[in-house]
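Hi,

Here is the structure I promised to send over. Have a look at it first, and then read on for what turned up.

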Amino acid sequence: MSSTLTPVLDPYALAKELSGKHLIGGKLVPAASGKTFDVVNPAKGEVVGQAAYGEAADVDAAVRAAAEAQKAWKMVPARERGRLVAECGRALTEHKEELARLIALETGKALRTESRVEANVLSDAFTFFGGLGGELKGETVPFNPKMLTMTVREPVGIVGAIIPWNVPMMLMALKIAPALVAGNGVVVKSAEEAPFCVLRACQIMAQVLPPGILNILSGYGPECGAPLVSHPKVGKITFTGSVETGKIVSRTAADRLIPVTLELGGKSPMIVMGDADLDQAVAGAIAGMRFTRQGQSCTAASRIFVHSSIHDQFVQALKAKVDAMVMGDPLDEKTDIGTIVSPDQFKKVKAYIDHGVTEGGTAHSCSAMPELEGLTKGLFVQPVIFTGLTNASRLAREEIFGPVTCVIKFDDYEDVIAQANDTEFGLAATIWTRDLRTALDATQRLEAGFVQVNQNLVVQPNLSYGGVKSSGLGKEATLEAMLEHFTHKKTIIINMA
Ligand code: NAI
Ligand code: MG
């Protein structure tokens, strides 16, 4: 066993055990103020624990711990750092079931269809980046025969990672694994809705890593996230979340002249041509829209453009498939679809559904609300497929982050490409067709960081991931991303004359 911690399969017990703690300097410690905030199981409306309420003093302690640890860490041979990061992946695998249950408890993501999937793929990011230590290479430059000129890759120092609640462990992994391999110290700020699973993941990794090189704080954005961005010792911020918060983070980083990477969500179009394989496209819409995650995905296929010749058939088939999905307690093995993460998100999603109806759209509600006792306070929302709305609707323009998609009828290919691109966002896009020329043309013309034909795979290591336009700044998940975002290039000249 690489981890000396024993897995705790009862998520309620684990939430209690982790209550009131940050991970700083390799140890679970309370907030400097001693304050906490409630963590709620959104399926039952019950408080399951209290997270440490991080503020500037905690940020300072974590950054100092990271800075102290980084002095030795940057001197560890790069491949050895990589070996330890890969070892973190193995340790997390030993704990994958407890992590899955914990994340289901605190976020409402269904255990079988979502939480376990996230916990299962977690180690992949650590294995991938763990193998890249030897790729932190520099160059020699033919500057002058009498001057040996070279570049070396150095760590930026301390990386602040601010993460959201929707896929917190995986999104955290894509930031911390490359940052650590590149020789940086890391301080993570978890999302207030999902502090425990990532804290546990970091506690597990702390069994493998030198104390203090990886720290994690829980807390709210303005009180805990903001001081991390403005801390003078933090040399880089990597952020995933909303456009609004991304802009705030960017402004502070600009004042400090430190680099930021931003992954900010989208309004991803899915174009279904008249010649598409209907079954394949419907399955792609289910996967792409992440109905099993209540649509809480930055790449959610929330605008589905369907050719008028198959529109009605498509809507019918999609509705039938979503109807067959079971909504229920996230921890129940039978459940396909769990809950929305928080009351704020719940209100936001409901308001969008009401708005769509006001605008004249037809809301096709799918599946059925769970009737089990104990779930009456749960934040369940029936998935909704809207028809009759246009691309000008607020529902087609704004990120809902809920189980709501708009199916929009089209006739003309040129027109649908224009509509797909007529959005503030540019994260992902798909096209479904049997015609190679149409497929190739669309891949070139769709304005998005990730374009797929006849499939809808999720983000994974070694595939560059990130958006254009308001969807973000900078790409993640690759060797190049590790080099660009977590190192800087130093030029060295040795005069031999
Ligand atoms: P958010 O962007 O406010 O939160 C993301 C992270 O930023 C959290 O850890 C939060 O505590 C932190 N944060 C908030 N304010 C901050 C500040 N001033 N300085 C530093 N850090 C700060 O997103 P939120 O409120 O959870 O969700 C709002 C909407 O954002 C969602 O409805 C969805 O549309 C979008 N979103 C997009 C995500 C994506 O994957 N791109 C993930 C989560 C939300
Ligand atoms: Mg917010």
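Let me start with Gln-294, which, apart from residues within four places in sequence, is in contact with Met-327, Ile-337, Gly-338, Thr-339, Ile-340, Phe-380, Val-381, Phe-401, Gly-402 and Pro-403. Keep in mind that this is a predicted model. Gln-294 sits in the loop between helix H10 (278-288) and strand S13 (303-307), and with a relative accessible area of 0% it counts as buried. Its side chain reaches the backbone oxygen of Val-381 at 3.2 Å.

Beyond four places in sequence, Val-381 touches Gln-294, Met-327, Ile-340, Phe-346, Val-349, Lys-350, Ile-353 and Pro-403. Val-404 is 23 residues away from Val-381 along the chain, and their C-alpha atoms are 9.5 Å apart.

Now zoom out to the domains. The protein splits into domain 1 (11-265 + 471-492) and domain 2 (269-461), with 30 Å between their centres, taken over C-alpha atoms. How many residues are in contact across the two? On the domain 1 side there are 32, and they meet 34 of domain 2. Together the domains bury about 2800 Å², 60% of it on carbon and sulfur atoms.

Lys-44 and Asp-329 form a salt bridge through their side chains, at 3.6 Å from N to O. There are also 14 residue pairs in polar contact across the interface. Helix H4 (96-107), helix H5 (111-130) and helix H6 (168-181) are the elements giving two or more residues to the side of domain 1 that touches domain 2. H5 provides the largest share of that side, with 8 residues. By type, that side of domain 1 divides into 16 nonpolar, 7 polar and 9 charged residues.

As for salt bridges overall, the count comes to 28. A few to look up:

- Arg-101 and Glu-97 pair at 2.8 Å, N to O. They are 4 residues apart in helix H4, so about one helical turn separates them. Arg-101 is partly exposed at 25% relative accessibility, and Glu-97 is partly exposed at 23%.
- Lys-175 bridges to Glu-476, with the closest N and O atoms 3.0 Å apart. This pair links distant parts of the chain, 301 residues apart: Lys-175 is in helix H6, and Glu-476 is in the loop between S19 and helix H16 (479-486). Lys-175 is buried at 1% relative accessibility, and Glu-476 is buried at 6%.
- Asp-323 and Lys-319 come to 2.9 Å between their closest N and O atoms. Both lie in helix H11 (residues 311-323), 4 residues apart, about one turn of the helix. Asp-323 is partly exposed at 35% relative accessible area, and Lys-319 is partly exposed at 23%. Elsewhere, salt bridges with shared partners join Glu-97, Arg-101, Arg-116 and Glu-333 into one network.

Finally, there is Leu-463, in the loop between strand S18 (450-453) and strand S19 (472-473). Is Leu-463 buried or partly exposed? Its relative accessibility is 35%, so Leu-463 counts as partly exposed. Leaving out neighbours within four places in sequence, Leu-463 is in contact with Phe-450, Glu-476, Ala-477 and Thr-478.

Cheers

Notes. Residues numbered from 1 in each chain as written. Chains lettered and ligands numbered in written order. Predicted model: local features only at pLDDT ≥ 70, side-chain atom pairs only at ≥ 80, totals over all residues. Heavy atoms only, no water. Domains from an automatic or database assignment. Contact = heavy atoms within 4.5 Å. Buried area = accessible area lost by both parts, 1.4 Å probe. Salt bridge = Lys/Arg side-chain N within 4 Å of Asp/Glu carboxyl O. Polar contact = N/O pair within 3.5 Å; in protein donor to acceptor, adjacent residues only side chain to side chain. Nonpolar A, V, L, I, M, F, W, Y, C, P; charged D, E, K, R; others polar. Buried < 20%, exposed > 50% of the residue type's maximum accessible area, 1.4 Å probe, protein only.
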